Amino acid sequence: GGGRAGGGPQERSFIPDATMFYVEIDRQQPSGGELGRLGLDTRPVLSEVVAALCVERVQPAGLVDAWNQRPPPSAAATAEAADRRHGAAVVDQRGRPQRVRRGDFIVEVNGLQGSTEGMYEVIARETSLRLLIMRLPGQRSRTSRSR
């Protein structure tokens with residue numbers, strides 16, 4: 001067996017202090033018509049470290065905007081979510097739900113990572129999306145002032 005210790009190949013690819021959280025979107029419309037729009041302006045970002053879709057803008061009235069408006073989860077649901085999703089926090093330090101905002105990076109779509117083209121393909125095709133969002137340290141939201 002190989003004598004190298006450490007996690008899997010993906011473990012080291014993300015920035016250690018980054019905030020990671022999942023966004024789960026169901027694009028199936030009740031009317032059964034075409035898929036709902038995510039409402040995200042993104043651009044592909046490729047570096048030696050990560051392939052990601054950078055969020056340029058969250059459009060009002062899109063599915064991600066609706067996800068951002070959802071009520072805070074219960075404490076039990078938060079604990080279960082953190083446990084189930086390898087520690088990706090669904091809430092911030094004050095217990096408020098994480099929101100997608102400008103400057104965030106989508107680093108995984110439905111388990112696929114490492115290819116911006118592949119991520120775009122999954123987004124275009126799938127009705128149910130699970131996005132792993134990475135926010136770099138120091139990305140302060142301008143709306144909330146820290147006291």
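1. β1 and β5 are joined by 8 bridges and run antiparallel. Two strands are taken as paired if DSSP finds at least two bridges between them; strands (E, at least two residues) and helices (H or I, at least four) are DSSP runs, numbered from the N terminus. Within this pair, T19 has R135 of β5 as its bridge partner.

2. On the basis of the model: it is predicted, local features need pLDDT of at least 70, side-chain atom pairs count only at pLDDT 80 or more, and totals for chains, interfaces and linings use all residues. Residues are numbered from 1 along each chain as its sequence is written, and side-chain values use heavy atoms, with hydrogens and water left out.

3. Overall make-up. The chain holds 3 helices and 5 strands, and from the N terminus the elements follow the order β-β-β-α-α-β-α-β. Of its 147 residues, 38% are buried, where buried means under 20% relative accessible area, exposed means over 50%, and partly exposed lies in between (1.4 Å probe, protein chains only). The accessible surface is about 9,500 Å², with 48% of it on carbon and sulfur atoms. Those areas come from the Shrake-Rupley method with a 1.4 Å probe, and for residues only the protein chains shown count as cover. Among contacts (heavy atoms within 4.5 Å) between residues at least 6 apart in sequence, 69% join residues at least 24 apart.

4. The sheet. Five strands form an open sheet in the order β1-β5-β4-β3-β2, with antiparallel pairing. β1 and β2 are the edge strands, each pairing on one side only. From one strand to the next the twist averages 35°; axes are lines fitted to C-alpha atoms, for helices over the stretch in contact, and angles run from 0 to 180 degrees between N-to-C directions.

5. Individual pairings. β2 and β3 are antiparallel and share 7 bridges; they make a hairpin with 4 residues between them, and T42 is partnered by V55 in β3. β3 and β4, also antiparallel, share 2 bridges, with C54 standing opposite F105 in β4. Between β4 and β5 there are 4 bridges, again antiparallel. Here F105 has M134 of β5 as its bridge partner, and I106 stands opposite I133 in β5. Because 6 of its 8 residues are buried, β5 is largely enclosed by the rest of the structure.

6. The cores. A nonpolar core is a set of buried Ala, Val, Leu, Ile, Met, Phe, Trp, Tyr and Cys residues joined through side-chain atoms within 4.5 Å. The largest one has 18 residues, of which V23, V100, I106, V109 and L129 touch the most other members. At least two residues of this core come from each of β1 (19–26), β3 (51–58), α1 (63–68), β4 (105–109), α3 (116–125) and β5 (128–135). A second, separate core has 11 residues, including M20, V45, V50 and C54. As background, nonpolar side chains in soluble globular proteins tend to be buried together.

7. I106 in detail. Neighbours within four places in sequence aside, I106 is in contact with L40, T42, A51, A52, L53, V55, M119, L131, L132 and I133.

8. Helix α3. Which of its residues are buried? They are T116, G118, M119, V122 and I123. These residues cover an arc of only 160° around the axis, so they sit on the same side of α3; the arc is that of the directions from the helix axis to the C-beta atoms. The face turned away from the buried side carries the exposed residues E117, A124 and R125. Cover for the buried residues includes β2 (40–46), β3, β4 and β5. α3 lies across these strands, β2, β3, β4 and β5, and runs at about 55° to β3.

9. Where do A61 and N110 lie? A61 is in the loop between β3 and α1, and N110 is in the loop between β4 and α3. A61 is not a glycine, although its phi is positive at about 70°; its relative accessibility of 77% makes A61 exposed. N110, also a residue other than glycine, has a positive phi near 50°. With a relative accessible area of 35%, N110 is partly exposed.
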